[in-house]
Amino acid sequence: MTTKLFGAKVPRVEDDRLLRGNGRYADDLMPGALESAVLRSPHAHARIVHIDVDAVLDCEGVHAVYTYEDLTGPMAAPLPLLIPHPALTHGRTQYALAKDEVNYVGEAIAFVVADDRYLAEDAIGKIKVDYEFLPPVVGIDNARKAERLVHDDVPGNIGARLEQNVGDAPAAIAAAPHRLELDLVIERSASTPMEGRAVVSRWDPDQARLQVWSSTQTSTGVRAAVAAQLGLDLGQVDVITPDVGGGFGVKINHPWPEELLVPLAAIALGRPVRFTEDRREHFISSAHERQQVQHIEVGFDDDGRLLGLDVEFWHDHGAYTPYGLIVPIITSTQLLGPYKPDNYRVVFESLYTNTVIVTPYRGAGRPQGVYAMERTMDAIAAYLKKDRTEIRATNFIQPDEFPYDHQLVFQDGRPLVYDSGDYPALLEKIKALVGWDEFEQFRTEMAAEGRRVGLGLACYVEGTGVGPYEGAHVQIETSGNVKVATGLTSQGQGHQTVFAQLVADVLGCSFEDIEIVTGDTRRMPYAVGTFASRAAVMSGSAIHLAATRAREKALRIAADALEADAADLEIVDGIVSVKGTTGPTISLGTLAVLSNPLRYAFDEVSKAATQFSVGRPEKPPVAEDDEPGLEGRDFYSPERSTFASGMHAVIVETDPDTAEIKILKYAVVHDCGHLINPMIVEGQIHGGVAQGVGGALYERMVYDESGQLLNASFMDFLMPYVTEVPESIDIDHLETPSPLNPLGIKGAGEAGVIPSAAVFAAAIEDAEGFPITTMPISPSELFELRRRHSVVEPTHAVVELVETTTPEEDSP
């Protein structure tokens, strides 16, 4: 009997191959391909006066060298601005190779193709560039001062300004019984996938067809960009995403210069060409995220109810804006979390600096928003001397208020409407999981031993399953095997497992007989990509719909063959039979044979589908509303995003002498609707928490005033090891199904990292008794804060704020 797999902890089928070193990454493909290297700017801001490549031209083993002067047509134009927005009035993108000016250390200037990487790197070293140095703009404060400009034609270094209003927040705050102000900072960080960016390309002159293998999060996006920039028809370009060693958002940006230069060279040279990014290149020329400066004003009543919330923040988007305003828009809208302020105003400015570009990094603006909101909730609790969970509960959207319309526009251009959730239930679960009510006793016990501990809590809501669509193709082979193709790409999420579970349940076939293919434009040319926790919601729904179509056709053919009503049939272990009988049966493989009327027999099996064996003289072999083959194709396009939610809590210990921060307990409660595979969801949470620990306590990108990245290696850029992440993570689930898709699911990929900065800031503040307003925080910074605040014994939940009074309180 086929076992239902939806909801089962099915082990990942990918792991055996990957853990044994049998993965196939871009750098493993096309042995003997020519290799390339990129000359990158050593300066943050400079005009290019002259480039001399003469010394390279006669180098043995060098096949080509490109500078901007060698680019023509669309290749000579700036790279695409992927997501335009009306508020992005001064969007700027770089060229594939720098034209006239460089605007960050690491910007591509020249591209060399040689027999191997060593020769290409040697050739790069022979290129001479004359620069005229320009003053760099580094950091949000300098960008706001605008004493220097990154781009001469961008006034004030402001790429965009966007404001959204619900009600009249300033008036509500002015009239509120209590008012507070907070100033917060989150510093710049970056994803550091095991595999950097990589691309391989081959041109087939006989078919005038280009093949590209790219370590990307969007094979169809890369395909469209390559075709447009190289002047090819879309049908001439195939993009295949092989195994990818991590993405985390940096690989959703496209096209990177190398994704265009490698195919360009492959066509020109008539040989396969490869580029593989090294680690330093990834630090200085890929993408960063996170950095924001935030100012918050809030008005509230005696119960802590939010009467008005006014948030202004400044977002550092680096030297260019290829991915538009997605990150700050997400911050501005997801900041609200599970709460419902009566009045809300948010305004941000997205600023240019002479630093690496900013694109989404796991969480994509949500960690910054949660940090702002949760620090505000803690501040209100401290001011009113109330329990932090009580203030949150007072402001929750209630279960009977869904769908809840925030009257804002989300990152996908659609209304910010939460589909489902139960935030009070999440709060009760997280309190029980972390031992909230018992913590003060634990604190007292630790204090008796001379140990200092603190407890933090952070809540979040995450928009997932962003459109516009994803598709799927499900084909049942004559062998009974099932081939499934979907267009989004995989970077370790477990797609081959989860998607096979969905298909097995619909088709009633063996899980082991299902093969999943992702990220191959030859198999699924229409897709969007893997980002925003959308794979299960989007492709999962499309696969479910496509498999349902295949099932319906299988039952229709079986009904004819078995002379039964399709409604009376069932599929168990790949065999179709009449329910509750021991009569004749037929396999899915045989139905696949019968689905394709043949003139010729190629084997014993195919004889059953030939013209003298099947069909009726009075009917055409293929009906007008049908087509050959036992397969289903469908697309899923939602009206709006689904919204997952969750809460994290952490107990930390801060060493009284060294200020080292140790995690004693970490708890997570998460709601992503129905769980397809709880084990994979928990794996995503574990990975996200580890990444969040890094972002809160260790990882930051440090630039000096000249725009040089000072820690562009793993010797200096700190990452948590297994010794720094929690030994165990206590996880509980809540399932409030989404009404927006056929599976009732929501995304889970980014949830683990979203509340990390907020929850650790809260816990450390609770332990130390003074405000934590800048994240990440290191032991040395905590030590300095202790010295500055001269703390001897902490008083808990203290927040340094500007308190204001109502006009009535000012009156005599």
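Analyst: A residue is called buried when its relative accessible area is under 20%, exposed when it is over 50%, and partly exposed in between, with a 1.4 Å probe and protein chains only. The model is a predicted one, in which local features need pLDDT of at least 70 and side-chain atom pairs count only at pLDDT 80 or more, while totals for chains, interfaces and linings use all residues. Residues are numbered from 1 along each chain as its sequence is written, and side-chain values use heavy atoms, with hydrogens and water left out.

The part to look at is strand β1, together with the sheet that holds it. Strands here are DSSP runs of E with at least two residues, helices are runs of H or I with at least four, and both are numbered from the N terminus. β1 is mostly covered, with 7 of its 7 residues buried. In a regular strand the side chains alternate between the two faces of the sheet. In β1 both faces are covered, with Leu34, Ser36, Val38 and Arg40 buried on one side and Glu35, Ala37 and Leu39 buried on the other.

Next come the neighbours of β1, where two strands pair if DSSP finds at least two bridges between them. β1 and β5 pair in the antiparallel sense over 6 bridges, and within this pairing Leu39 stands opposite Ala110 in β5. β1 also pairs with β12, here in the parallel sense and over 2 bridges, with Val273 in β12 as the bridge partner of Leu34.

These pairings belong to an open sheet of 7 strands in the order β3-β5-β1-β12-β9-β10-β11, and the pairing in it is mixed. Since β3 (62-66) and β11 (237-240) stand at the edges with a single partner strand each, one side of each is left without a neighbour in the sheet. From one strand to the next the twist averages 20°, where axes are lines fitted to C-alpha atoms, for helices over the stretch in contact, and angles run from 0 to 180 degrees between N-to-C directions. Further along the order, strand β9 (residues 198-204) and strand β12 (residues 273-276) pair in the antiparallel sense over 4 bridges, and Ala198 stands opposite Thr276 in β12.

Helix α3 (residues 117-126) touches β1 (34-40), β3, β5 (108-114) and β12, and its direction makes about 25° with that of β1. Helix α6 (residues 219-230) packs on the sheet too, touching β10 (209-214) and β11, and its direction makes about 145° with that of β11.

Because 18 of its 19 residues are buried, α10 is largely enclosed by the rest of the structure. Just after α10, Lys385 takes a positive phi of about 55°.

Key: Contact means heavy atoms within 4.5 Å.
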